Amino acid sequence: MKVPPELKYTKEHEWVRVRGQEAEVGITDFAQGELGDVVFVELPAVGTKLTQMKGFGTIDAVKTVSDLFAPVSGEVTAINTELKSNPALINQSPYEKGWMVRVKMSSPEELEKLLSSDDYQKALGAHA
Amino acid sequence: MLDTTSTLKRTPFYARHVALGAKMVPFAGFEMPIQYEGIVAEHRTVRGGVGVFDVSHMGEIRLQGPGARAYANRLVTNQVDSIPEGKAVYTPMCLESGGIVDDLLVYATGTDRLLVVNAANFEKDLAWIQSHAPSGVTVLDENEETAQLAVQGPHAEDVVARIYGERVRELEFYTFFEDGKGADWTLVSRTGYTGEDGFEIYVKASRALRTWDRVFEAGAPALIRAIGLGARDTLRLEMGYCLYGNDIDETTNPLEAGLGWTVRLNKAAFIGKDALVAVEQAGPKRKLAGLTLEGERIARHGAEVTHQGTPVGEVTSGSMGISIGKPVAMAYLQPDHARTGSKLEVLTRGQETPASVVGRPMYPGGSVRSPKPRRAT
């Protein structure tokens, strides 16, 4: 199971890739494995304001549905429209092609509350 | 998590699941494979090739003795006393209230009746069956000693015939043969829960791994894969087959569940008959119907169904219809709204999704030899 060292994580299994003021968000390899085949992702519209740790969308797998939680607060600047026609990208490439939203962070200091790769892996230890 | 896992039972095939990299989950007290390569791929394997399911968690109860046939017939709603040897019958087993204790297969094997019940209900069923048993009937728990594989898919016949011979091809749907005694006992039945042609193979637990390996060796030329419980659920749901605990339980009766074809109200007395006669006369208050949904949102168990905003029912099972290409569900609906073609809405997480009532099976394209809805996990 991959946990790239350059990303930040939530305990709810989202990841964040920081590029300046922008944060790219998706779900982790562990999360996609637990969910199984993803068939539908519901994402907010561009311009939506997200609040850290509040729900921002849902992800339907064959067996179950799961809420998505915003790792950071800010405004959605882009959503991954490829996921509409090919939600399996989340299973195939959770950290790259399976990204979900990009957010212009309103409070970048929130990043400090997120987990490092090491801490996230430790948190997973309880599951693995 | 580890603590609960350690108390779970394992089937004789556990080592094969682990070797194949299956994701194991707790299910009905067993540690079972939910998926190997992924539910969608496994679902398609069964629709187009051959899939092998470990269903050893299901429970076997044998009724023996001079009164076995008559007693079996009193326990269940379908006719199981006068059926010929070698015939299998799908049937609900009801409470006096008409509520469903379980749904099961009854095998007519000599003067015995072998009942195959849902894993989650095994202890309950065994207690129920023992408590009602008259003298002259012995109730045998054969659960632990019996392993079961389901071999399902349009090419299943070739695979099973390579192991058990050409007589496999002569098996009619819902018939079986037995072979061997003691540790060599085998029962091969043309039954299943997928909507495809297929077989269920029962062997003694001591022969389980050998049987698994023979099946995969026999299937090598075709597309054959192990299939988990995840795809078992999506396959059965597309067929509109009931899953105990989701679509049927002690608060639902077979007539409203669309299982009227398994209820023989004209046979001798059976448990639940009076209640079911009353339901038949008054007409069911609700009906279990198949739905397809527009869009991609999946309706889950418990979702409300409305007609122009007015509640008319509740979803009991929902998932992606992988072979249908849209989300499917089953729901109990007011009879007026349960007709094929009814346009309804399903509330999925606060949002209305348009849905249409379609006939069961929702997926009509399977290779199974009868369209009748059948049995549960």
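Residues are numbered from 1 along each chain as its sequence is written, while chains are lettered from A in the order in which they are written. In this predicted model, local features need pLDDT of at least 70, side-chain atom pairs count only at pLDDT 80 or more, and totals for chains, interfaces and linings use all residues.

**Exercise 1.** Find the order of the strands in the open sheet of chain A.

*Solution.* Start with the terms: strands (E, at least two residues) are DSSP runs numbered from the N terminus, and two of them pair if DSSP finds at least two bridges between them. The order is E4-E6-E7, with antiparallel pairing. Next, look at the edges: E4 (38-42) and E7 (65-69) of chain A each pair on one side only. Now zoom in: E4(A) and E6 (residues 55-61) of chain A share 4 bridges, and Phe40(A) stands opposite Asp60(A) in E6(A).

**Exercise 2.** Describe the side of chain A that touches chain B.

*Solution.* Two residues are in contact if their C-beta atoms, placed from the backbone, lie within 7 Å. Chain A gives 9 residues and chain B gives 13. On chain A, the elements that give two or more residues are E4 and E6. By type, the chain A side has 4 nonpolar, 2 polar and 3 charged residues; Asp, Glu, Lys and Arg count as charged.
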